[in-house]
Amino acid sequence: MRTTVGIIGAGPAGLLLARLLHRAGIESVVLEGRDRAYVERRQRAGILEQGTVDVLRAAGAGERMDREGLRHDGIELRFGRRRHRVDFPGLTGGRSVTVYAQTEVCKDLIALQLKEGGPLLFEAEALGVEGAEGDRPRIPFRHQGREDVLECEYVVGCDGFWGVARKAVPAGVSRVFERSYPYAWLGVLADVAPSHDELVYARHERGFALLSMRSPAVSRLYLQVPAGTEAGQWGDEEIWDELERRLETDDDWRLERGPLTQKSVTPMRSFVHEPMRHGRLFLAGDAAHIVPPTGAKGLNLAVGDVVTLARALAHERQTGSPELLDAYSATCLRRVWQAERFSYDMTTLLHRAPDDTPFDARLQLARLERIASSRAAETDLAEAYTGFPLG
Ligand code: RFL
Ligand code: PHB
(Lines give C-alpha, C1' and ligand atoms only; values in the text may rest on other atoms or scores of the structure.)
(Ligands and ions follow the chains in the order given, each with its own letter.)
Protein backbone atom coordinates (compact mmCIF):
# COMPACT_ATOMS: atom_id res chain seq x y z
CA MET A 1 0.00 0.00 0.00
CA ARG A 2 1.17 3.52 -0.83
CA THR A 3 0.01 7.01 0.03
CA THR A 4 1.28 10.56 0.48
CA VAL A 5 0.56 10.96 4.20
CA GLY A 6 0.28 7.91 6.46
CA ILE A 7 -1.68 8.77 9.59
CA ILE A 8 -1.54 6.54 12.66
CA GLY A 9 -4.62 6.90 14.91
CA ALA A 10 -8.25 7.91 14.35
CA GLY A 11 -8.76 10.08 17.40
CA PRO A 12 -9.66 13.72 16.83
CA ALA A 13 -6.10 14.56 15.65
CA GLY A 14 -5.85 11.85 12.97
CA LEU A 15 -9.42 12.21 11.75
CA LEU A 16 -9.29 15.98 11.42
CA LEU A 17 -5.89 15.85 9.73
CA ALA A 18 -7.23 13.40 7.14
CA ARG A 19 -10.20 15.70 6.54
CA LEU A 20 -8.04 18.84 6.14
CA LEU A 21 -5.65 17.05 3.77
CA HIS A 22 -8.55 15.74 1.70
CA ARG A 23 -9.87 19.31 1.36
CA ALA A 24 -6.39 20.40 0.24
CA GLY A 25 -6.23 17.62 -2.37
CA ILE A 26 -3.56 15.61 -0.52
CA GLU A 27 -3.96 11.83 -0.27
CA SER A 28 -3.79 10.06 3.05
CA VAL A 29 -4.50 6.70 4.71
CA VAL A 30 -5.58 6.44 8.36
CA LEU A 31 -4.68 3.33 10.37
CA GLU A 32 -6.66 2.86 13.61
CA GLY A 33 -5.92 0.01 15.99
CA ARG A 34 -9.38 -0.18 17.58
CA ASP A 35 -12.78 -0.86 16.06
CA ARG A 36 -15.18 1.90 15.04
CA ALA A 37 -17.62 1.42 17.94
CA TYR A 38 -14.81 1.73 20.48
CA VAL A 39 -13.48 4.95 18.95
CA GLU A 40 -16.98 6.45 18.77
CA ARG A 41 -17.83 5.65 22.39
CA ARG A 42 -14.65 6.59 24.26
CA GLN A 43 -15.82 9.27 26.76
CA ARG A 44 -13.40 12.16 26.95
CA ALA A 45 -13.36 15.88 26.28
CA GLY A 46 -16.40 18.08 26.27
CA ILE A 47 -15.26 21.65 25.62
CA LEU A 48 -14.37 23.14 22.23
CA GLU A 49 -12.59 26.47 22.02
CA GLN A 50 -13.94 29.05 19.62
CA GLY A 51 -10.98 28.39 17.28
CA THR A 52 -11.73 24.64 17.26
CA VAL A 53 -15.37 25.31 16.40
CA ASP A 54 -14.29 27.60 13.54
CA VAL A 55 -11.90 24.95 12.18
CA LEU A 56 -14.51 22.16 12.27
CA ARG A 57 -17.03 24.41 10.53
CA ALA A 58 -14.53 25.44 7.83
CA ALA A 59 -13.67 21.75 7.31
CA GLY A 60 -17.32 21.04 6.55
CA ALA A 61 -17.73 19.08 9.80
CA GLY A 62 -19.80 21.61 11.72
CA GLU A 63 -23.38 20.87 10.73
CA ARG A 64 -24.46 18.77 13.73
CA MET A 65 -22.18 20.70 16.09
CA ASP A 66 -23.97 23.91 15.09
CA ARG A 67 -27.32 22.25 15.75
CA GLU A 68 -26.56 20.34 18.95
CA GLY A 69 -23.54 22.09 20.51
CA LEU A 70 -24.23 24.37 23.48
CA ARG A 71 -22.57 27.77 23.41
CA HIS A 72 -21.23 28.75 26.84
CA ASP A 73 -20.37 32.35 27.67
CA GLY A 74 -18.74 31.64 31.01
CA ILE A 75 -17.84 29.27 33.81
CA GLU A 76 -18.45 29.44 37.52
CA LEU A 77 -15.71 29.13 40.14
CA ARG A 78 -16.83 27.91 43.56
CA PHE A 79 -14.80 28.27 46.73
CA GLY A 80 -15.65 28.96 50.37
CA ARG A 81 -19.33 28.12 49.59
CA ARG A 82 -19.46 31.17 47.29
CA ARG A 83 -19.80 31.42 43.48
CA HIS A 84 -17.95 33.63 41.07
CA ARG A 85 -18.89 33.75 37.41
CA VAL A 86 -16.24 34.44 34.76
CA ASP A 87 -17.86 36.18 31.77
CA PHE A 88 -15.90 35.14 28.66
CA PRO A 89 -17.24 37.49 25.95
CA GLY A 90 -17.07 40.50 28.26
CA LEU A 91 -13.43 39.81 29.12
CA THR A 92 -12.10 38.61 25.75
CA GLY A 93 -13.81 40.80 23.19
CA GLY A 94 -16.58 38.33 22.40
CA ARG A 95 -15.06 34.84 22.67
CA SER A 96 -16.96 31.85 24.04
CA VAL A 97 -16.63 28.02 24.13
CA THR A 98 -18.93 25.22 22.94
CA VAL A 99 -20.01 22.10 24.79
CA TYR A 100 -19.94 19.33 22.17
CA ALA A 101 -18.47 15.98 23.15
CA GLN A 102 -15.35 14.47 21.62
CA THR A 103 -17.39 11.33 20.87
CA GLU A 104 -19.64 13.42 18.62
CA VAL A 105 -16.73 15.21 16.90
CA CYS A 106 -15.24 11.78 16.13
CA LYS A 107 -18.55 10.35 14.87
CA ASP A 108 -19.00 13.34 12.52
CA LEU A 109 -15.44 13.13 11.17
CA ILE A 110 -15.58 9.34 10.71
CA ALA A 111 -18.84 9.57 8.76
CA LEU A 112 -17.36 12.25 6.47
CA GLN A 113 -14.13 10.35 5.96
CA LEU A 114 -15.90 7.11 5.03
CA LYS A 115 -18.22 8.97 2.67
CA GLU A 116 -15.80 11.34 0.91
CA GLY A 117 -12.24 10.83 2.12
CA GLY A 118 -9.37 8.41 1.64
CA PRO A 119 -9.08 4.99 3.30
CA LEU A 120 -9.71 4.77 7.04
CA LEU A 121 -8.90 1.28 8.29
CA PHE A 122 -10.20 0.16 11.68
CA GLU A 123 -8.55 -2.69 13.60
CA ALA A 124 -5.35 -1.80 11.74
CA GLU A 125 -2.59 -1.61 14.30
CA ALA A 126 0.64 0.17 13.38
CA LEU A 127 3.62 -1.82 14.61
CA GLY A 128 6.14 1.02 14.36
CA VAL A 129 7.55 3.62 11.98
CA GLU A 130 10.55 2.78 9.81
CA GLY A 131 12.87 5.03 7.81
CA ALA A 132 11.74 8.38 9.24
CA GLU A 133 15.12 9.84 8.38
CA GLY A 134 14.99 8.81 4.71
CA ASP A 135 12.74 9.74 1.76
CA ARG A 136 10.24 6.86 2.02
CA PRO A 137 9.12 6.25 5.58
CA ARG A 138 7.04 3.10 6.12
CA ILE A 139 4.47 1.92 8.59
CA PRO A 140 4.32 -1.85 9.09
CA PHE A 141 0.84 -2.73 10.37
CA ARG A 142 -1.46 -5.66 11.15
CA HIS A 143 -4.98 -5.65 9.68
CA GLN A 144 -7.48 -8.50 9.98
CA GLY A 145 -4.73 -10.87 11.05
CA ARG A 146 -2.47 -9.99 8.09
CA GLU A 147 0.74 -8.02 8.18
CA ASP A 148 1.17 -5.30 5.58
CA VAL A 149 3.23 -2.15 5.00
CA LEU A 150 2.08 1.38 4.20
CA GLU A 151 4.70 3.31 2.20
CA CYS A 152 4.44 7.09 2.58
CA GLU A 153 6.07 10.40 1.86
CA TYR A 154 5.24 11.58 5.37
CA VAL A 155 4.09 9.78 8.52
CA VAL A 156 2.03 11.52 11.18
CA GLY A 157 1.78 9.94 14.62
CA CYS A 158 -1.71 10.83 15.91
CA ASP A 159 -1.70 7.70 18.06
CA GLY A 160 -2.12 9.23 21.50
CA PHE A 161 0.03 8.94 24.59
CA TRP A 162 0.41 5.13 24.40
CA GLY A 163 1.09 4.96 20.66
CA VAL A 164 4.14 3.69 18.74
CA ALA A 165 5.10 6.75 16.65
CA ARG A 166 6.92 8.67 19.39
CA LYS A 167 9.13 5.63 20.01
CA ALA A 168 10.56 5.98 16.50
CA VAL A 169 12.35 9.18 17.52
CA PRO A 170 15.88 8.17 18.62
CA ALA A 171 16.59 8.55 22.34
CA GLY A 172 19.43 10.98 21.64
CA VAL A 173 17.03 13.35 19.87
CA SER A 174 14.01 13.13 22.24
CA ARG A 175 13.58 15.44 25.18
CA VAL A 176 10.75 14.70 27.57
CA PHE A 177 9.33 17.10 30.16
CA GLU A 178 6.77 15.67 32.54
CA ARG A 179 5.00 15.79 35.86
CA SER A 180 2.48 13.47 37.43
CA TYR A 181 -0.01 14.49 40.09
CA PRO A 182 -0.90 12.59 43.28
CA TYR A 183 -4.60 12.63 42.36
CA ALA A 184 -6.95 11.50 39.59
CA TRP A 185 -10.49 12.26 38.37
CA LEU A 186 -13.43 9.95 38.91
CA GLY A 187 -15.77 10.86 36.04
CA VAL A 188 -19.45 9.91 35.75
CA LEU A 189 -22.20 10.34 33.18
CA ALA A 190 -25.69 10.81 34.65
CA ASP A 191 -29.13 10.81 33.08
CA VAL A 192 -30.22 14.04 34.70
CA ALA A 193 -30.47 17.64 33.51
CA PRO A 194 -27.32 19.61 34.52
CA SER A 195 -27.92 21.46 37.81
CA HIS A 196 -26.38 24.62 36.40
CA ASP A 197 -26.43 26.03 32.88
CA GLU A 198 -22.64 26.59 32.79
CA LEU A 199 -19.66 24.52 33.97
CA VAL A 200 -18.87 24.76 37.69
CA TYR A 201 -15.26 24.31 38.89
CA ALA A 202 -15.20 23.88 42.68
CA ARG A 203 -12.29 24.11 45.11
CA HIS A 204 -13.12 22.44 48.41
CA GLU A 205 -11.16 21.26 51.48
CA ARG A 206 -12.16 17.70 50.54
CA GLY A 207 -10.89 18.12 46.97
CA PHE A 208 -11.90 19.39 43.54
CA ALA A 209 -15.26 18.80 41.85
CA LEU A 210 -16.52 19.71 38.37
CA LEU A 211 -20.04 19.90 37.05
CA SER A 212 -20.18 19.65 33.26
CA MET A 213 -22.69 18.33 30.75
CA ARG A 214 -23.17 16.50 27.47
CA SER A 215 -26.65 17.76 26.57
CA PRO A 216 -29.65 19.43 28.25
CA ALA A 217 -30.59 15.98 29.61
CA VAL A 218 -27.17 14.46 30.44
CA SER A 219 -24.73 15.63 33.13
CA ARG A 220 -21.01 14.90 33.22
CA LEU A 221 -19.44 15.21 36.68
CA TYR A 222 -15.97 14.72 38.09
CA LEU A 223 -14.51 14.26 41.59
CA GLN A 224 -10.87 14.49 42.60
CA VAL A 225 -9.83 11.11 44.05
CA PRO A 226 -6.41 9.77 45.14
CA ALA A 227 -4.17 8.50 42.31
CA GLY A 228 -4.63 4.74 41.93
CA THR A 229 -8.35 4.77 42.86
CA GLU A 230 -10.56 2.33 40.93
CA ALA A 231 -14.00 3.42 39.80
CA GLY A 232 -15.63 0.41 41.48
CA GLN A 233 -14.47 1.62 44.89
CA TRP A 234 -17.15 4.32 44.77
CA GLY A 235 -20.86 3.56 45.09
CA ASP A 236 -23.35 5.70 43.18
CA GLU A 237 -24.92 7.35 46.24
CA GLU A 238 -21.49 7.92 47.73
CA ILE A 239 -20.49 9.80 44.56
CA TRP A 240 -23.58 12.01 44.70
CA ASP A 241 -23.06 12.72 48.42
CA GLU A 242 -19.47 13.76 47.80
CA LEU A 243 -20.36 15.91 44.78
CA GLU A 244 -23.04 17.61 46.86
CA ARG A 245 -20.60 18.39 49.69
CA ARG A 246 -17.94 19.83 47.40
CA LEU A 247 -20.33 21.87 45.23
CA GLU A 248 -22.49 23.20 48.11
CA THR A 249 -23.10 26.95 48.33
CA ASP A 250 -24.62 29.30 50.91
CA ASP A 251 -27.56 30.17 48.63
CA ASP A 252 -30.41 27.94 47.50
CA TRP A 253 -28.51 26.11 44.69
CA ARG A 254 -29.26 22.34 44.66
CA LEU A 255 -27.62 19.38 42.93
CA GLU A 256 -30.14 17.16 41.11
CA ARG A 257 -29.38 13.42 41.19
CA GLY A 258 -30.09 10.81 38.52
CA PRO A 259 -29.01 7.34 37.42
CA LEU A 260 -25.29 7.00 36.64
CA THR A 261 -24.66 5.35 33.27
CA GLN A 262 -20.84 5.34 33.25
CA LYS A 263 -17.98 5.58 35.74
CA SER A 264 -14.24 5.81 35.04
CA VAL A 265 -11.00 7.12 36.53
CA THR A 266 -8.54 9.34 34.61
CA PRO A 267 -4.97 9.82 35.83
CA MET A 268 -3.55 13.35 35.71
CA ARG A 269 -0.34 14.06 33.88
CA SER A 270 1.60 16.87 32.22
CA PHE A 271 3.92 15.70 29.44
CA VAL A 272 5.72 17.29 26.48
CA HIS A 273 7.91 15.53 23.92
CA GLU A 274 10.31 17.77 22.00
CA PRO A 275 10.75 18.02 19.09
CA MET A 276 7.41 17.21 17.46
CA ARG A 277 9.15 16.23 14.23
CA HIS A 278 11.92 13.85 13.31
CA GLY A 279 12.79 13.69 9.60
CA ARG A 280 9.56 12.75 7.78
CA LEU A 281 7.78 11.74 10.97
CA PHE A 282 5.51 14.32 12.65
CA LEU A 283 3.80 13.93 16.04
CA ALA A 284 0.43 15.57 16.75
CA GLY A 285 -2.00 15.68 19.68
CA ASP A 286 -1.62 13.42 22.71
CA ALA A 287 1.22 11.53 20.97
CA ALA A 288 3.36 14.62 21.61
CA HIS A 289 1.84 16.21 24.71
CA ILE A 290 -0.58 15.64 27.58
CA VAL A 291 -2.22 18.17 29.89
CA PRO A 292 -4.29 17.47 33.00
CA PRO A 293 -7.96 17.91 31.99
CA THR A 294 -8.69 20.84 34.35
CA GLY A 295 -8.12 23.44 31.63
CA ALA A 296 -10.08 21.51 28.95
CA LYS A 297 -7.17 21.92 26.53
CA GLY A 298 -6.16 18.44 25.23
CA LEU A 299 -8.51 18.14 22.28
CA ASN A 300 -8.06 21.78 21.36
CA LEU A 301 -4.28 21.40 21.28
CA ALA A 302 -4.60 18.37 19.02
CA VAL A 303 -6.72 20.47 16.63
CA GLY A 304 -4.13 23.27 16.66
CA ASP A 305 -1.34 20.82 15.78
CA VAL A 306 -3.09 19.27 12.78
CA VAL A 307 -4.26 22.62 11.40
CA THR A 308 -0.64 23.82 11.50
CA LEU A 309 0.57 20.60 9.89
CA ALA A 310 -2.08 20.50 7.14
CA ARG A 311 -1.21 24.09 6.20
CA ALA A 312 2.49 23.29 6.13
CA LEU A 313 2.01 20.18 3.95
CA ALA A 314 -0.22 22.10 1.53
CA HIS A 315 2.33 24.92 1.38
CA GLU A 316 5.12 22.48 0.60
CA ARG A 317 3.14 20.86 -2.20
CA GLN A 318 2.08 24.17 -3.73
CA THR A 319 5.38 26.03 -3.53
CA GLY A 320 7.99 23.29 -3.05
CA SER A 321 9.18 25.16 0.03
CA PRO A 322 9.59 23.19 3.27
CA GLU A 323 9.74 26.34 5.44
CA LEU A 324 6.42 25.74 7.23
CA LEU A 325 7.18 22.05 7.76
CA ASP A 326 10.55 23.04 9.20
CA ALA A 327 8.77 25.45 11.55
CA TYR A 328 6.06 22.92 12.57
CA SER A 329 7.55 21.76 15.86
CA ALA A 330 8.51 25.22 17.13
CA THR A 331 5.17 26.74 16.02
CA CYS A 332 3.15 24.08 17.87
CA LEU A 333 5.34 24.02 20.95
CA ARG A 334 4.79 27.72 21.64
CA ARG A 335 1.07 27.10 21.94
CA VAL A 336 1.55 23.77 23.71
CA TRP A 337 3.61 25.34 26.48
CA GLN A 338 1.00 28.07 27.01
CA ALA A 339 -1.61 25.34 27.44
CA GLU A 340 0.72 23.38 29.75
CA ARG A 341 1.16 26.49 31.87
CA PHE A 342 -2.59 27.20 32.03
CA SER A 343 -3.57 23.57 32.72
CA TYR A 344 -1.01 23.34 35.51
CA ASP A 345 -2.24 26.62 37.03
CA MET A 346 -5.90 25.56 36.91
CA THR A 347 -5.03 22.16 38.39
CA THR A 348 -2.98 23.48 41.30
CA LEU A 349 -5.49 26.29 41.86
CA LEU A 350 -8.36 23.87 42.48
CA HIS A 351 -7.00 20.50 43.76
CA ARG A 352 -5.79 19.52 47.24
CA ALA A 353 -2.55 17.54 47.26
CA PRO A 354 -1.97 15.10 50.16
CA ASP A 355 1.14 17.00 51.27
CA ASP A 356 -0.46 20.47 51.04
CA THR A 357 0.15 22.58 54.13
CA PRO A 358 -2.30 25.12 55.61
CA PHE A 359 -0.10 27.73 53.91
CA ASP A 360 -0.77 26.13 50.49
CA ALA A 361 -4.51 26.15 51.19
CA ARG A 362 -4.48 29.86 52.07
CA LEU A 363 -2.47 30.63 48.92
CA GLN A 364 -5.08 28.82 46.77
CA LEU A 365 -7.82 30.92 48.31
CA ALA A 366 -5.77 34.09 47.76
CA ARG A 367 -5.30 33.14 44.07
CA LEU A 368 -9.05 32.56 43.73
CA GLU A 369 -9.84 35.86 45.50
CA ARG A 370 -7.49 37.60 43.10
CA ILE A 371 -9.34 36.19 40.07
CA ALA A 372 -12.68 37.17 41.63
CA SER A 373 -11.59 40.75 42.38
CA SER A 374 -9.18 41.77 39.61
CA ARG A 375 -10.32 42.20 36.04
CA ALA A 376 -6.73 41.67 34.88
CA ALA A 377 -6.45 38.30 36.67
CA GLU A 378 -9.88 37.23 35.48
CA THR A 379 -9.07 38.26 31.89
CA ASP A 380 -5.93 36.11 31.99
CA LEU A 381 -8.07 33.08 32.86
CA ALA A 382 -10.78 33.89 30.30
CA GLU A 383 -8.26 34.39 27.46
CA ALA A 384 -6.52 31.09 28.18
CA TYR A 385 -9.75 29.12 28.68
CA THR A 386 -11.35 30.34 25.44
CA GLY A 387 -8.09 29.60 23.63
CA PHE A 388 -4.91 31.05 22.24
CA PRO A 389 -4.92 31.92 18.55
CA LEU A 390 -3.77 29.25 16.07
CA GLY A 391 -0.34 29.69 14.54
P1 RFL B 1 -6.48 10.02 21.05
O2 RFL B 1 -7.87 10.53 21.17
O3 RFL B 1 -5.90 9.29 22.21
O4 RFL B 1 -6.43 9.10 19.76
C5 RFL B 1 -5.33 8.27 19.47
C6 RFL B 1 -5.82 7.14 18.58
O7 RFL B 1 -4.73 6.37 18.15
C8 RFL B 1 -5.07 4.99 18.23
N9 RFL B 1 -3.83 4.21 18.33
C10 RFL B 1 -3.34 3.45 17.31
N11 RFL B 1 -3.82 3.19 16.07
C12 RFL B 1 -3.09 2.37 15.26
N13 RFL B 1 -1.92 1.78 15.66
C14 RFL B 1 -1.40 2.01 16.89
N15 RFL B 1 -0.27 1.43 17.25
C16 RFL B 1 -2.13 2.87 17.78
N17 RFL B 1 -1.94 3.32 19.05
C18 RFL B 1 -2.96 4.11 19.36
C19 RFL B 1 -5.95 4.92 19.47
O20 RFL B 1 -6.79 3.77 19.47
C21 RFL B 1 -6.75 6.20 19.32
O22 RFL B 1 -7.93 6.02 18.57
O23 RFL B 1 -5.44 11.19 20.70
P24 RFL B 1 -5.66 12.57 19.87
O25 RFL B 1 -6.34 12.31 18.57
O26 RFL B 1 -4.35 13.24 19.93
O27 RFL B 1 -6.73 13.39 20.73
C28 RFL B 1 -6.42 13.92 22.00
C29 RFL B 1 -7.67 13.98 22.88
O30 RFL B 1 -8.32 12.72 22.84
C31 RFL B 1 -7.34 14.36 24.32
O32 RFL B 1 -6.35 15.36 24.35
C33 RFL B 1 -8.58 14.90 25.07
O34 RFL B 1 -9.55 13.90 25.22
C35 RFL B 1 -8.18 15.43 26.45
N36 RFL B 1 -9.33 15.85 27.25
C37 RFL B 1 -9.94 17.08 27.04
N38 RFL B 1 -9.52 17.88 26.04
C39 RFL B 1 -10.17 19.05 25.80
O40 RFL B 1 -9.76 19.79 24.89
N41 RFL B 1 -11.28 19.46 26.51
C42 RFL B 1 -11.76 18.71 27.52
O43 RFL B 1 -12.79 19.09 28.10
C44 RFL B 1 -11.08 17.48 27.83
N45 RFL B 1 -11.53 16.70 28.81
C46 RFL B 1 -9.85 15.02 28.24
C47 RFL B 1 -10.95 15.48 29.02
C48 RFL B 1 -9.32 13.77 28.46
C49 RFL B 1 -9.86 12.98 29.44
N50 RFL B 1 -9.28 11.70 29.57
C51 RFL B 1 -10.03 10.51 29.62
C52 RFL B 1 -7.86 11.54 29.37
C53 RFL B 1 -11.49 14.70 30.01
C54 RFL B 1 -10.94 13.46 30.25
C55 RFL B 1 -11.55 12.67 31.37
C1 PHB C 1 -15.97 17.46 30.26
O2 PHB C 1 -17.13 17.89 30.08
O3 PHB C 1 -15.66 16.29 30.06
C4 PHB C 1 -14.92 18.39 30.75
C5 PHB C 1 -15.20 19.73 30.85
C6 PHB C 1 -14.23 20.61 31.33
C7 PHB C 1 -12.99 20.12 31.70
C8 PHB C 1 -12.70 18.78 31.56
C9 PHB C 1 -13.67 17.90 31.10
O10 PHB C 1 -12.07 20.99 32.18
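Predicted model: local features only at pLDDT ≥ 70, side-chain atom pairs only at ≥ 80, totals over all residues.
Arg78 sits in strand β5, which covers residues 74-79. Its relative accessibility is 3%, so Arg78 counts as buried, the cut-off for that class being under 20%. Beyond residues up to four places away in sequence, Arg78 touches Arg83, Val200, Tyr201, Ala202, Arg203, Leu247, Thr249 and Trp253. Between Arg78 and Val30 the C-alpha distance is 43 Å, with 48 residues of sequence separation.

Glu76 counts as buried because its relative accessibility is 5%. The side chains of Glu76 and Arg83 are joined by a polar contact of 3.4 Å.

Which residues does Glu76 touch, not counting those up to four places away in sequence? They are Arg83, His84, Arg85, His196, Leu199, Val200 and Tyr201.

## The chain as a whole

The chain has 11 helices and 20 strands. Its radius of gyration is 21 Å, close to the 21 Å that the globule rule gives for 391 residues, so the chain is as compact as a globular protein of that length. Along the principal axes, the C-alpha trace spans about 65 × 40 × 40 Å. Of the 391 residues, 55% count as buried. Taking contacts between residues at least 6 apart in sequence, 71% join residues at least 24 apart.

The accessible surface of the chain comes to about 16,700 Å², and carbon and sulfur atoms account for 48% of that area. There are 51 positive and 57 negative side chains in the chain, and the centres of these two sets lie 1 Å apart.

## Helix positions

Thr92 belongs to helix α5, residues 88-92. With a relative accessible area of 14%, Thr92 is buried. A polar atom of the Thr92 side chain lies 2.8 Å from the backbone oxygen of Phe88. Leaving aside neighbours within four places in sequence, Thr92 is in contact with Ala382, Glu383 and Thr386.

Tyr328 is found in helix α9, residues 323-350. Is Tyr328 buried or exposed? Tyr328 has a relative accessible area of 0%, so it is buried. Beyond neighbours within four places in sequence, its contacts are Met276, Phe282, Leu283, Ala284, Asp305, Thr308 and Leu309. The C-alpha atoms of Tyr328 and Leu313 are separated by 9.9 Å, and the two residues are 15 apart along the chain.

Glu63 is placed in helix α4, residues 63-68. Glu63 has a relative accessible area of 61% and is therefore exposed, a class that begins over 50%. Glu63 and Asp108 lie 8.9 Å apart, C-alpha to C-alpha, while 45 residues apart in sequence.

## Backbone features in loops

Most residues other than glycine have a negative phi, and most peptide bonds are trans. The residues below depart from one or the other pattern. Gln144 is not a glycine, yet has a positive phi of about 50°. Gln144 lies in the loop between β10 (138-143) and β11 (146-151). Its relative accessibility is 70%, so Gln144 counts as exposed.

Ala296, also not a glycine, has a positive phi of about 60°. Its loop runs between β20 (289-290) and α8 (298-319). Where does the chain have a cis peptide bond with an omega of about -5°? That bond joins Glu274 and Pro275. Pro275 lies in the loop between β17 (260-274) and β18 (277-278).

How values were computed:
Residues numbered from 1 in each chain as written. Chains lettered and ligands numbered in written order. Heavy atoms only, no water. Helix = DSSP H or I, 4+ residues; strand = E, 2+ residues; numbered from the N terminus. Rg over C-alpha atoms; globule rule 2.2 N^0.38 Å. Buried < 20%, exposed > 50% of the residue type's maximum accessible area, 1.4 Å probe, protein only. Contact = heavy atoms within 4.5 Å. Areas by Shrake-Rupley, 256 points an atom, 1.4 Å probe, with all protein chains shown as cover. Lys, Arg positive; Asp, Glu negative; His and termini not counted. Charge placed at Lys NZ, Arg CZ, Asp CG, Glu CD. Polar contact = N/O pair within 3.5 Å; in protein donor to acceptor, adjacent residues only side chain to side chain.
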